[in-house]
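Please keep the sequence and the coordinates at hand.

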Amino acid sequence: GGDPWNSAYGRGGARAAKVGEQAQVHSIMRENGVQVFMHGHDHVFYDQVVDGIHYTSCGTTGAPWMFGAEGGYPEDRPAINITGHIRIDVEPTRLSVNYVNVATGFPVFGYHVKPYKKTKPKVLETFNEYKEEQNEFHRL
């Protein structure tokens, strides 16, 4: 819309996943198994998943959120406006992301992702298959 404070690339993170240049970045992340994309600027913690990729707004360590609903975050799960920080734990079988309340030291939200398993690259047998693949790429 015509909101002067926010653009399609601004607040909301995941809502820009398929817009303009961010759509190209999203596609690259999807093709390469990226599972978590952390972004900042907004003074709230929020996580939304698009095509298996967590778009995580990292929260605030001090400044309060003062923009009301202008952030464009979906209302199915409210943004968390609590002073806190992200804690990431890396283990062989999973990556854990938690938003920790500074006042209590306890997580108020978290999620886990399992290691990405890369599949074998596609081998094109003929030049015609190569041309078809290139044509499909250019249609995207």
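Which residues do ring pairs link into a cluster? The model is a predicted one, and in it the cluster consists of Phe45, Tyr99 and Phe109, joined through ring pairs. The count of aromatic pairs comes to three. One of them, formed by Phe37 and Tyr55, is tilted, with 5.3 Å from centre to centre and 55° between the planes. This pair connects distant parts of the chain, since Phe37 belongs to strand β1 (residues 36-39) and Tyr55 to strand β3 (residues 53-58), 18 residues apart. The two partners can also be described by their accessibility. Phe37 has a relative accessible area of 26% and is therefore partly exposed, whereas Tyr55, at 1%, counts as buried.

Another pair belongs to the cluster described above. Phe45 is buried, with a relative accessible area of 2%. Tyr99 is likewise buried, with a value of 0%.

The next topic is the sheet. Three strands make up an open sheet with mixed pairing, in the order β1-β3-β2. Because β1 and β2 each have a single partner strand, they stand at the edges, and one side of each is left without a neighbour in the sheet. From one strand to the next, the twist averages 20°. Four bridges join β1 and β3 in the parallel sense; Val36 has His54, in β3, as its bridge partner. Helix α1 (residues 20-31) packs on this sheet and touches β1, β2 and β3, its direction making about 120° with that of β3.

What does the side chain of His54 make a polar contact with? The partner is the side chain of Asp47, at 2.8 Å. With residues up to four places away in sequence set aside, His54 touches Gln35, Val36, Phe37, Asp47, Gln48, Val49, Tyr111 and Val113.

The nonpolar interior comes next. In soluble globular proteins, nonpolar side chains tend to be buried together. In this model, the largest nonpolar core has six residues in all: Ala14, Ala17, Met29, Val50, Ile53 and Tyr55. Met29, one of these core residues, contacts Gln22, Val34, Phe37, Ile53 and Tyr55 when neighbours within four places in sequence are left aside.

Thr104 is found in the loop between β5 and β6 (107-113). Is Thr104 buried or partly exposed? Its relative accessibility is 46%, so Thr104 counts as partly exposed. The side chain of Thr104 reaches the backbone nitrogen of Phe106 at 3.1 Å. Gly84 is 20 residues from Thr104 along the chain, and the C-alpha atoms of the two are separated by 9.4 Å.

Methods
Residues numbered from 1 in each chain as written. Predicted model: local features only at pLDDT ≥ 70, side-chain atom pairs only at ≥ 80, totals over all residues. Heavy atoms only, no water. Phe/Tyr/Trp six-rings, centres within 6.5 Å; stacked < 30°, edge-to-face > 60°. Helix = DSSP H or I, 4+ residues; strand = E, 2+ residues; numbered from the N terminus. Buried < 20%, exposed > 50% of the residue type's maximum accessible area, 1.4 Å probe, protein only. Pairing = 2+ DSSP bridges. Axes fitted to C-alpha atoms, helices over the stretch in contact; angles between N-to-C directions. Contact = heavy atoms within 4.5 Å. Polar contact = N/O pair within 3.5 Å; in protein donor to acceptor, adjacent residues only side chain to side chain. Core = buried A, V, L, I, M, F, W, Y, C linked by side-chain atoms within 4.5 Å.
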